[in-house]
Structures are given as C-alpha cells and as structure tokens.
Amino acid sequence: MKTSETSFQSTVDLLRRKTNKRIPLTLTVLMILAASPLSADEVTKWNELVNQLALSSSLADLNPNLQSRMMAMAHTAMHDALNAIDRRYQTYGQRLPLTPGASPEAAAATAAYTVLSDQLGRMVPLGFPPQQAEVSAAYVASLGSIPGGPAKTLGIEIGQAAAAQILALRAADRAYELPVIDPNYPQGNAPGEYRFTPPFTFAFETKWGNVPPFVLRSSDSFGPGAPYPVNSRRYLDDYNEVKSLGGDGVVTRSARTSDQTQIALFWLESSLIGWNRIARSASATQRLNLWENARLFALLNLALADGYIGVSRAKYDFNFWRPITAIREGEADGNRETAGDPSWTPLSTTPPTPDHDSGHSVEGGAAAEVLEDFFDDSRFRFRTCSMSLPAGSRCTDPSPVFRSYISFADAAMENGLSRIYVGIHFRRAVTEGIEHGRRIGNRAVRQFLRPVQ
C-alpha cells in the first residue's frame with residue numbers, strides 16, 4: 001500500500017537521482033475515462049486528469065505544495081477564461097475582453113492545458129517524471145470533440161490569454177527556487193522543540209510559508225493558537241491520547257477500534273486528491289453547469305493552496321515536536337506525569353515537518369468551508385472512497401469501501417481525527433488546524449469570484 005510517509009522518502013530519492021518512470025499513456029487515459037462521472041464537463045475532466053497524474057507519479061504526496069499551487073492556477077485560468085465569454089462571476093485576474101460566441105469548452109480546455117503543460121515542465125528538473133504527453137493527449141481529445149470554426153478558434157485564444165495572465169501573476173513567487181529538503185535545519189534540544197522524525201534526516205519545505213498566498217493577505221493570516229505548554233494538563237491529555245491510540249499495533253500496542261483504524265488509513269491519502277474527489281461527486285449530484293464548476297473548483301483549490309502556505313508558516317514558526325519525539329523522550333520532558341516509551345512507534349511514519357498545526361486538518365477545514373458555503377448546505381450528505389486503504393478496498397477496486405457523512409464538516413472532523421489515530425499529531429494541532437482552514441476557506445468564498453449582479 002502506498003502511503004504518504006513512504007512518498008516523502010521517495011522525494012529524497014527523486015531529488016538525488018532523476019527518474020523517468022510513468023505509467024503508459026494509454027493506461028492513464030483509460031483510468032481517467034473509467035473514473036470520470038457521466039456528467040463530467042471540461043472543468044471536472046481536467047480536475048480528474050490532474051488527480052490521476054498525481055496518483056501515477058506520487059506528485060501529490062511527494063510535494064503537495066507544488067501540486068496545490070498548480071491546481072489553483074489551472075482552475076483560476078479556466079474560471080477566468082469562461083467569464084471572458086459570459087461574465088457570471090468576478091475574475092481572479094484582470095478581466096479579459098468580453099467575447100460572446102466563443103466556445104466555452106475550447107476556452108476551458110486550452111486554459112487548463114496551457115497552465116499544466118507549463119508547470120509540469122518546470123517540475124521535471126526537480127526530479128519529477130515528465131507528464132506533458134498525457135496532458136497533450138487529453139487536450140487533443142478535448143479539442144477533437146469540439147466542431148471546428150470561429151467559435152473554437154476564439155475559445156482557444158481566450159484560454160491562452162487567461163492562462164498567460166495567471167502564469168504571469170505567479171511568475172515571481174519563487175516557488176521553484178525554494179529548497180525542498182533541508183538537512184541543516186536546526187533541531188531543538190529542549191522539551192517541545194522540533195527534532196527530525198525517523199527515518200528522516202531533514203526538514204521538508206521549511207520556506208514554503210514565504211510563498212505569496214492566493215487569497216490571504218499574508219501567510220500568517222488566521223494562524224492557529226499556540227500548542228499547549230509541555231507542562232500543562234491539556235498537553236498531558238493530548239499526549240496520553242495519541243500514545244494510546246496512535247501505535248502501529250506491532251511494536252506498539254494500540255487501543256484503536258477497527259473503525260478507527262479504517263478511518264486512519266482512509267484519510268491517509270493526499271488531501272488534494274481526496275477533497276477534489278468529494279467536490280467532483282457533489283458537483284455531479286447537483287448537476288452543476290460549466291461556469292458553476294469553474295467557480296467551485298477554483299475556490300476549492302485556491303483555499304487548499306493557501307492552506308498549505310499558511311500551515312507551513314505556522315509549523316516553522318511554532319517549531320513544535322511531533323508525538324513520536326515527545327513520547328520517546330517523555331521521561332525527560334519536565335512533566336512528571338508523562339510516561340515515556342523509547343520504542344513507541346506510530347501507525348504511519350511521521351512526515352518531516354513540525355507538529356503544529358496539522359496540514360491535513362487545515363486542508364479539511366478549508367475544503368469543508370468552501371463546499372458548505374458553495375452549496376449553501378451545512379447538512380450535505382455524501383459518501384466517498386479512498387486510495388490509501390489496503391488493496392481491494394480502494395476507489396479503483398471492484399468493491400471499494402465507502403464512508404458516509406452527514407456534512408462536509410463531519411468529514412473534515414473525521415479527517416482531522418485520523419491524524420491522531422495514525423499517531424502523527426496531537427489533538428491540539430488537529431482542532432486548531434481545522435479552524436485555521438475554515439477561516440482560510442471563508443475568506444476565499446467571501447472575497448473572491450463573487451457572482452456578478
């Protein structure tokens with residue numbers, strides 16, 4: 001089973017030795033067609049394509065920061081292109097000249113293709129496999145389904161213009177110049193201070209919090225409250241909870257129920273993949289049109305991208321240790337009530353970043369807020385599947401496991417709790433993370449891409 005922790009180690013391997021592995025183009029296209037809902041339009045088709053490419057190359061797990069940035073750019077380009085044909089919502093970039101009669105499908109496909117082709121090309125020097133062939137094949141298929149003529153030509157031109165504008169807006173954000181791994185990041189030695197988490201000997205994306213946000217005024221906007229002091233009663237409660245529930249069940253006993261173990265593994269997959277899948281399902285059940293989908297997925301991925309920027313800033317500002325460090329050093333933390341266990345082993349290998357706050361929880365809070373507001377429904381019932389469960393239970397298997405929710409907030413809470421069940425976050429990081437994300441999502445939907453009166 002592929003999990004996020006092994007993918008972090010793969011990041012190092014990719015950065016140290018270039019690889020060129022990718023699944024065959026025909027298989028990729030078949031996977032996309034098989035997984036796409038019947039009501040898919042150009043927006044949801046391109047969203048699904050990016051998610052499938054991420055799964056095939058581990059991009060989402062290797063570097064969710066870069067993928068979230070790329071997703072936000074592609075979806076804002078599609079949104080702005082469509083609103084240059086029929087202005088239903090405010091645009092993210094400057095408004096393009098209104099061109100009624102242009103093909104919306106050609107505009108959306110071209111905007112997505114232009115952004116993705118550019119960004120995927122920039123990732124190859126970082127060690128990621130080239131995927132332009134898959135993107136080009138999808139673009140050829142999209143254009144091939146559109147009748148030729150002036151409308152198609154105009155749509156292509158609009159898509160190119162919208163993509164060029166979004167690419168220009170992000171050209172100076174230095175995203176590709178920042179170090180991905182930092183083996184020289186200073187480790188703490190006092191109780192509560194972050195140390196590298198085994199087996200990693202580096203810290204990941206220590207400067208991503210410096211990337212200019214998409215919708216936030218600054219990366220520390222709406223940041224979380226501080227972790228509990230190590231000598232506090234609340235810290236002790238969180239410590240004992242993750243120590244009891246988060247063990248791997250082999251080296252370390254765990255009090256998790258079977259359902260809690262399923263929750264732990266179900267939400268282990270990339271937040272970007274999981275929450276975009278949920279959004280595609282909600283879109284299909286509500287029969288959204290092309291413009292509505294463009295706005296939904298742009299808002300969702302803007303919020304998710306800023307979630308990663310905001311959580312990176314918080315993590316390295318607070319620099320708080322992870323449960324694996326805290327529990328293994330529990331006898332020397334200055335809290336007489338924390339019983340240490342030098343061999344304590346979590347269910348999931350801990351990612352090489354500080355604890356506070358939880359990135360998964362931030363992403364879940366941001367996504368839930370966007371979806372809840374967009375559909376104007378705090379009790380939107382749905383079910384979804386996962387790609388991080390054991391083989392035979394995944395979305396692409398004949399009999400996948402589905403989990404059902406009474407609301408997006410319900411799913412966000414379970415997503416956050418999963419990080420306690422896998423043993424990699426304290427509850428304080430989870431609850432603060434969900435609220436941090438909800439505030440980011442709220443700003444996205446309240447301030448951006450508003451309906452045009």
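This is a predicted model: local features need pLDDT of at least 70, side-chain atom pairs count only at pLDDT 80 or more; totals for chains, interfaces and linings use all residues.
**Entry: A226**

A226 is partly exposed, at a relative accessible area of 38%. That value falls between the cut-offs of 20% for buried and 50% for exposed. I placed A226 in the loop between β2 (203–204) and α9 (233–245). Leaving aside residues up to four places away in sequence, I found that A226 touches F318, H356 and R428. I also checked A226 against D373: they are 147 residues apart in sequence, and their C-alpha atoms are 28 Å apart in space.

**Entry: L178**

Is L178 buried or exposed? I read a relative accessible area of 12%, so L178 is buried. The cut-off for buried is under 20%. L178 sits in the loop between α8 (150–170) and β1 (181–182). What does L178 touch, not counting residues up to four places away in sequence? I noted K207, W208 and V211. Then I took the pair L178 and A40. They are separated by 138 residues in sequence and by 36 Å in space, C-alpha to C-alpha.

**Entry: the disulfide**

How many disulfides does a search of the whole structure find? I got 1. The partners are C385 and C395, with sulfur atoms 2.1 Å apart. Both cysteines lie in the loop between β3 (382–384) and β4 (403–405), 10 residues apart. Next I checked the handedness. The torsion about the S-S bond of C385 and C395 is about 110°, so I logged the disulfide as right-handed. I looked at burial too: C385 has a relative accessible area of 10%, and is therefore buried.

**Entry: helices α5 and α12**

I turned to α5 (residues 64–82) and α12 (residues 290–318). Their axes come within 8 Å and cross at roughly 150°. Angles over 145 degrees count as roughly antiparallel. I therefore wrote down α5 and α12 as roughly antiparallel to each other. Which hand does the crossing of α5 and α12 have? It is left-handed.

I then listed who makes the contact. From α5 I noted P64, N65, S68, R69, M71, A72, H75, T76, H79 and L82. From α12 I noted L290, W291, A294, R295, F297, A298, N301, L302, L304, A305 and Y308. Last, I sorted the residues of this contact between α5 and α12 by type: 13 are nonpolar, 6 polar and 2 charged.

Methods
Residues are numbered from 1 along each chain as its sequence is written. Side-chain values use heavy atoms; hydrogens and water are left out. A disulfide is a pair of cysteine sulfur atoms within 2.5 Å. Helices (H or I, at least four residues) and strands (E, at least two) are DSSP runs, numbered from the N terminus. Buried means under 20% relative accessible area, exposed over 50%, partly exposed in between (1.4 Å probe, protein chains only). Axes are lines fitted to C-alpha atoms, for helices over the stretch in contact, and angles run from 0 to 180 degrees between N-to-C directions. Angles under 35 degrees count as roughly parallel, over 145 as roughly antiparallel, 65 to 115 as roughly perpendicular and the rest as oblique. A crossing is left-handed if the near helix is turned anticlockwise from the far one by less than a right angle, and right-handed if clockwise. Contact means heavy atoms within 4.5 Å. Ala, Val, Leu, Ile, Met, Phe, Trp, Tyr, Cys and Pro count as nonpolar, Asp, Glu, Lys and Arg as charged, and the others, Gly among them, as polar.
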